[in-house]
Amino acid sequence: MPKLKVGHVSPTSEEETAIAAGIAADADARELDDAWFPRARPAAEVLPSEVYAALALRPRGRPKAEETKVFTAIRLDADLLDAFKATGKGWQTRMNAALRQFIVEHPLDR
(Lines give C-alpha, C1' and ligand atoms only; values in the text may rest on other atoms or scores of the structure.)
Protein backbone atom coordinates (compact mmCIF):
# COMPACT_ATOMS: atom_id res chain seq x y z
CA MET A 1 0.00 0.00 0.00
CA PRO A 2 1.42 3.44 -0.87
CA LYS A 3 2.28 5.85 1.89
CA LEU A 4 -0.61 8.23 2.53
CA LYS A 5 -0.21 11.97 2.93
CA VAL A 6 -0.51 13.52 6.37
CA GLY A 7 -4.13 14.33 7.11
CA HIS A 8 -5.50 11.77 4.62
CA VAL A 9 -8.89 10.38 5.61
CA SER A 10 -9.97 7.19 3.84
CA PRO A 11 -13.67 6.70 3.08
CA THR A 12 -15.57 4.40 5.38
CA SER A 13 -16.97 1.14 4.01
CA GLU A 14 -20.43 2.78 3.89
CA GLU A 15 -19.01 5.69 1.89
CA GLU A 16 -17.22 3.26 -0.45
CA THR A 17 -20.53 1.44 -1.00
CA ALA A 18 -22.31 4.74 -1.76
CA ILE A 19 -19.55 5.73 -4.21
CA ALA A 20 -19.73 2.36 -5.97
CA ALA A 21 -23.53 2.65 -6.19
CA GLY A 22 -23.21 6.13 -7.69
CA ILE A 23 -20.75 4.84 -10.31
CA ALA A 24 -23.07 1.91 -11.14
CA ALA A 25 -26.05 4.27 -11.53
CA ASP A 26 -24.19 6.60 -13.94
CA ALA A 27 -24.15 5.21 -17.49
CA ASP A 28 -21.29 7.55 -18.43
CA ALA A 29 -19.04 6.44 -15.54
CA ARG A 30 -18.03 2.83 -15.69
CA GLU A 31 -15.15 0.89 -14.27
CA LEU A 32 -12.60 -0.14 -16.87
CA ASP A 33 -12.24 -3.89 -17.03
CA ASP A 34 -9.48 -6.00 -18.54
CA ALA A 35 -11.36 -6.22 -21.86
CA TRP A 36 -11.31 -2.41 -22.25
CA PHE A 37 -7.54 -1.87 -22.22
CA PRO A 38 -6.63 -3.80 -25.43
CA ARG A 39 -9.21 -1.70 -27.31
CA ALA A 40 -7.92 1.61 -25.95
CA ARG A 41 -6.32 3.97 -28.48
CA PRO A 42 -4.03 6.98 -28.05
CA ALA A 43 -5.72 10.38 -27.70
CA ALA A 44 -4.03 11.56 -30.92
CA GLU A 45 -6.03 8.95 -32.84
CA VAL A 46 -9.46 9.67 -31.37
CA LEU A 47 -9.52 13.41 -30.71
CA PRO A 48 -9.84 16.07 -33.42
CA SER A 49 -6.36 17.30 -34.33
CA GLU A 50 -6.98 20.86 -33.09
CA VAL A 51 -8.23 19.59 -29.72
CA TYR A 52 -5.29 17.22 -29.33
CA ALA A 53 -2.81 19.93 -30.32
CA ALA A 54 -4.28 22.32 -27.76
CA LEU A 55 -3.98 19.69 -25.03
CA ALA A 56 -0.64 18.14 -25.97
CA LEU A 57 1.33 21.27 -26.84
CA ARG A 58 0.31 23.30 -23.82
CA PRO A 59 3.36 23.61 -21.57
CA ARG A 60 2.96 22.41 -18.03
CA GLY A 61 3.82 24.35 -14.92
CA ARG A 62 4.64 27.98 -14.42
CA PRO A 63 5.64 29.95 -17.54
CA LYS A 64 9.33 30.81 -17.80
CA ALA A 65 10.20 34.35 -16.80
CA GLU A 66 11.89 36.62 -19.33
CA GLU A 67 14.84 36.80 -16.98
CA THR A 68 15.35 33.58 -15.06
CA LYS A 69 17.04 33.47 -11.69
CA VAL A 70 20.35 31.77 -10.99
CA PHE A 71 20.60 29.38 -8.06
CA THR A 72 23.37 30.18 -5.61
CA ALA A 73 24.21 29.33 -2.05
CA ILE A 74 25.45 32.11 0.22
CA ARG A 75 26.00 32.38 3.95
CA LEU A 76 23.98 35.08 5.70
CA ASP A 77 23.61 36.17 9.30
CA ALA A 78 20.69 34.31 10.87
CA ASP A 79 18.96 37.49 12.04
CA LEU A 80 19.07 38.97 8.52
CA LEU A 81 17.55 35.84 7.02
CA ASP A 82 14.94 35.62 9.79
CA ALA A 83 13.93 39.24 9.18
CA PHE A 84 13.22 38.56 5.50
CA LYS A 85 11.48 35.23 6.18
CA ALA A 86 9.27 36.95 8.77
CA THR A 87 7.78 39.07 5.98
CA GLY A 88 6.03 35.96 4.65
CA LYS A 89 5.68 34.38 1.24
CA GLY A 90 7.80 36.12 -1.39
CA TRP A 91 10.67 36.91 0.97
CA GLN A 92 13.29 35.79 -1.57
CA THR A 93 11.85 38.20 -4.14
CA ARG A 94 11.99 41.01 -1.59
CA MET A 95 15.57 40.12 -0.71
CA ASN A 96 16.44 40.20 -4.41
CA ALA A 97 14.83 43.67 -4.70
CA ALA A 98 16.73 44.92 -1.64
CA LEU A 99 20.04 43.78 -3.11
CA ARG A 100 19.16 45.37 -6.45
CA GLN A 101 18.28 48.65 -4.71
CA PHE A 102 21.61 48.57 -2.86
CA ILE A 103 23.50 48.17 -6.16
CA VAL A 104 21.63 51.15 -7.66
CA GLU A 105 22.32 53.33 -4.63
CA HIS A 106 25.90 52.10 -4.12
CA PRO A 107 27.44 51.36 -7.53
CA LEU A 108 30.23 48.82 -7.27
CA ASP A 109 33.62 49.50 -8.85
CA ARG A 110 33.97 47.08 -11.69
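Reply: Let us begin with A43, which lies in helix α2, where helices (H or I, at least four residues) are DSSP runs numbered from the N terminus. This is a predicted model, in which local features need pLDDT of at least 70 and side-chain atom pairs count only at pLDDT 80 or more, while totals for chains, interfaces and linings use all residues. Residues are numbered from 1 along each chain as its sequence is written, and side-chain values use heavy atoms, with hydrogens and water left out.

Me: What separates the C-alpha atoms of P38 and L81?

Reply: They are separated by 57 Å, and the two residues are 43 residues apart along the chain. For A43 and K85, 42 residues apart along the chain, the C-alpha separation is 45 Å.

Me: How do I describe two packed helices, and at what angle do α4 and α5 cross?

Reply: Two packed helices are described by the angle between their axes and the distance between the axes. Axes are lines fitted to C-alpha atoms, for helices over the stretch in contact, and angles run from 0 to 180 degrees between N-to-C directions. Here the axes of α4 and α5 cross at roughly 115 degrees and come within 8 Å. In contact (heavy atoms within 4.5 Å), L81, F84 and K85 of α4 meet W91, R94, M95 and A98 of α5.

Me: How should I read a pocket, and which residues are closest to the centre of the largest pocket?

Reply: On a 1 Å grid over the protein atoms alone, a pocket is an open set of points where a 1.4 Å probe fits, with protein on both sides within 12 Å along at least five of seven lines, and lining residues have an atom within 4 Å of a point. A volume is the space filled by probe spheres set on the points, which are joined across faces, edges and corners. The largest pocket holds about 560 Å³ of space, and of its 14 lining residues the closest to the centre are V70, T72, Q92, M95 and N96. Helix α5 (residues 91–105) gives the most to this lining, with 6 residues.
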